[in-house]
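Here is a brief report on local features of one protein model. Please read it alongside the sequence and the coordinates.

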Amino acid sequence: MSTAQRTTRTSRKVADENPDPVTARITRAKSVNTTAAPTTVTDRRRAALEDLSNVNKTSATGSAKLLLAKTKTKESTLTSIKARKPTNGTATTTTTTTKPTINNNTSNENTASTTAQKPSSALTTASKATRKLLQPVNAKSSTTTTKTATEDRKPKLQTIELKPKSQPLELKSKSQSIELKPSVSTARPSLKRRAEDDEENDENEPPVKTTATSKDTVEKDVHVAKRSRTVLWDDLDTEDLDDPLMVAEYADDIFDYLYELEPKYMPNPNYMDDQNELEWHQRGVLLDWLVEVHAKLHLLPETLFLATNIIDRFMTLRVVNLDKIQLVGVTALLLAAKYEEVFPPALNHFAYLTGGNFDESDILGAEKFMLQILEFEMSYPNPLNFLRRISKADNYDVQSRSFGKYFLEIAIIDHHMISYPPSVHAAMSMYIARTILKRPEWDANLVHYSGDYSEKTVRKVAKHLVRYLASPVEHEALFKKYASKRYFKASLIARQWAKANWRSFLSDDEKKETTTSTA
């Protein structure tokens, strides 16, 4: 095999691996130049690039031979191009080739145009004929393709439309997109409804269950719809708008919901009539023991109030024997601790406090049974929440609130006050505490933040508390607890005051009855 044939075959293999038609044509043009090189070398010295100075020195015979050799090479190249078929690209070559860039094509075209402007000769005519044969069929489309490829490599900045940041969220105005309401309303929705009712329509309102017929008028005044305010009160919630923990924006809604929950979690005030072996004083003994256990375990005050409510609601629905009343009490305290405490005490602590009367399995069994009976209803509106609400109008006085806590615990132990809701217990406790400590009168702020309970209504309920304070001590654990300096000796001071002022809380008829009884 001759050298020219090997070179032609190698150039064909290289051309087959390149899928680009424009580049393939350029490669074939190179192969033509390599095959024609030996002929030019044997005849004469090759002219320099774009240098035609020594062409004129060649004889006419040499020019004719050179033109004939190039024409034969041209015909053989055209024949090989027609007979060539595409391959799968499996051929391998030992030569290394580089793809010419688009800029190189442009330079070649510029070179060709420059060469065409030179004086005509035999070599120039042959090179022109070779370019015409190697030129693509559609020259305009190849030029357009080359320009398009060049333009595609340029970054297209116009395809990305940058919009202002405010355009994706097109809000016409804040008032249209988000309706901002006042943080604290001047009047609660329930108060607006109450304002429409006059005092003359009180008799049309449904009565609430009472403990005895002698207290019908008192309890009716307490459980009727709360009155609308007659004097403007100060909006104290606006002071806490900067404190997210106070949730001043939702304070009114929260307490309106708590007022609605109160009737749902109220026990039957006469449930002791259905008990066969129990009486009210035995309930008092149980709760006094729970106060002592509650203090030893260092539990939260809310836990004691919830435990008492669980006991009363359970005994409203089920009959409890005398030997199981302690089990009911300790289980209720366990449930309340799990609900209110962050870290409730272990179960063995409750079993130990029963003195060995009940073990852990007994407490767990009672816990399951009580939860089933109560239907897992534990969202009791705690009276301590209402007391804290009233304390806002009292400038958060620590001493008056400590006295109020003492009176709240008396309210849950004394069975005469079971029929009153927790909000009434809180208002009554704060009223008696402020009266003992000689604080200013019950003003409009206290009326509003207590739940719209007037002084007249609170005094009718407070007489039961004052009578309890003036009577001999029945629950020693509770009395000793609040006789300490931690609670400002509230039980001692309250007892002395009640003995001197308990008659002032009685009505005229009750004063006459007490006078005749003592006589």
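## Basis

This is a predicted model, in which local features need pLDDT of at least 70, side-chain atom pairs count only at pLDDT 80 or more, and totals for chains, interfaces and linings use all residues. Residues are numbered from 1 along each chain as its sequence is written, and side-chain values use heavy atoms, with hydrogens and water left out.

## Helix α18

Helix α18 spans residues 422-436 and has 15 residues. Helices are DSSP runs (H or I, at least four residues), numbered from the N terminus. From first C-alpha to last, α18 reaches 21 Å, close to the 21 Å expected. The expected span is 1.5 Å times one less than the number of residues.

Of the 15 residues in α18, 14 are buried. Buried means under 20% relative accessible area, exposed over 50%, partly exposed in between (1.4 Å probe, protein chains only).

## Tyr406

Tyr406 sits in helix α17 (residues 398-413). Tyr406 counts as buried because its relative accessibility is 4%.

Leaving aside residues up to four places away in sequence, Tyr406 touches Leu469, Leu478, Phe479, Tyr482, Ala490, Ser491 and Ala494. Contact means heavy atoms within 4.5 Å. Tyr406 and Ala494 are 88 residues apart along the chain, with C-alpha atoms separated by 9.5 Å.

## Positive phi

Most residues other than glycine have a negative phi. Tyr396 has a positive phi, near 55 degrees. Tyr396 lies in the loop between α16 (383-393) and α17. Its relative accessibility is 37%, so Tyr396 counts as partly exposed.

Lys489 also has a positive phi, near 55 degrees. Its loop runs between α21 (476-481) and α22 (490-501). Lys438, which follows α18, has a positive phi near 55 degrees.

Note on methods: Helices (H or I, at least four residues) and strands (E, at least two) are DSSP runs, numbered from the N terminus.
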